[in-house]
Amino acid sequence: MQSENTSAQAGEDLGLDIHTDDSDVTFSLCLGKEFTGAGLSFCGELGHTGHRQLSHVNQHVKGTCVVHLGQKRHGADDIATGERRSLI
């Protein structure tokens, strides 16, 4: 099991290109701070038809956890303002 506690501010850690994780399941817990932007965009599952098509954009909310398959293609948008803390 891998975990990562991240803190990012506007102008830092700019976006994260679409990728898959080296895990069966990924948990992304938003720990807080005040921020705007930083949506989590999802596409299809790697190796399936339509894996490059945008299917959903999730907006991080303090105290919520997003759970998805590691092979689900996803990426993070830039933080527009403030600072976000996450546990992945």
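**Labels and cut-offs**

Modeller: Let's start with the charged pair: Glu83 forms a salt bridge with Arg85, and their closest N and O atoms are 3.4 Å apart. This is a predicted model, where local features need pLDDT of at least 70, side-chain atom pairs count only at pLDDT 80 or more, and totals for chains, interfaces and linings use all residues. Residues are numbered from 1 along each chain as its sequence is written, and side-chain values use heavy atoms, with hydrogens and water left out.

Colleague: What makes Glu83 and Arg85 a salt bridge?

Modeller: The term asks for a side-chain nitrogen of Lys or Arg within 4 Å of a carboxyl oxygen of Asp or Glu. The Glu83 and Arg85 pair has its closest N and O atoms 3.4 Å apart, so it qualifies. The structure holds one salt bridge.

Colleague: Why is Glu83 called buried, and what do you call Arg85?

Modeller: Buried means under 20% relative accessible area, exposed means over 50%, and partly exposed is in between (1.4 Å probe, protein chains only). Glu83 has 15%, so it is buried. Arg85 has 36%, so it is partly exposed.

Colleague: What makes the phi of Ala38 worth a remark?

Modeller: Most residues other than glycine have a negative phi. Ala38 is not a glycine, yet its phi is positive, near 65°. You'll find Ala38 in the loop between strand 4 (35-37) and strand 5 (40-45). Its relative accessibility is 0%, so Ala38 counts as buried.

Colleague: How do you know that strand 5 is largely enclosed?

Modeller: Five of its six residues are buried, so strand 5 is largely enclosed by the rest of the structure. The strands themselves are DSSP runs (E, at least two residues; helices are H or I, at least four), numbered from the N terminus.

Colleague: Which strands does strand 5 pair with?

Modeller: Two strands pair if DSSP finds at least two bridges between them. Three bridges join strand 5 to strand 6 (residues 56-58), and that pair runs antiparallel. Four bridges join strand 5 to strand 8 (residues 72-76), again antiparallel. On the strand 6 side, Phe42 stands opposite His56; in strand 8, Lys72 is the bridge partner of Glu45.

Colleague: What makes Val25, Phe27, Val67 and Leu69 a nonpolar patch?

Modeller: Patch residues need over 30% relative accessible area and no salt bridge; nonpolar side chains (Val, Leu, Ile, Met, Phe, Trp, Tyr) are joined within 5 Å, like charges within 9 Å. Take Val67, which is found in strand 7: at 47% it is partly exposed, so it clears the 30% limit. The patch covers about 360 Å², and strand 3 (25-32) and strand 7 (65-69) each give two or more residues to it.

Colleague: And what about the protein chain as a whole, how many helices and strands?

Modeller: Zero helices and nine strands. Buried residues make up 32% of its 88 residues. Counting contacts (heavy atoms within 4.5 Å) between residues at least 6 apart in sequence, 82% join residues at least 24 apart.

Methods
Accessible areas come from the Shrake-Rupley method with a 1.4 Å probe; for residues, only the protein chains shown count as cover.
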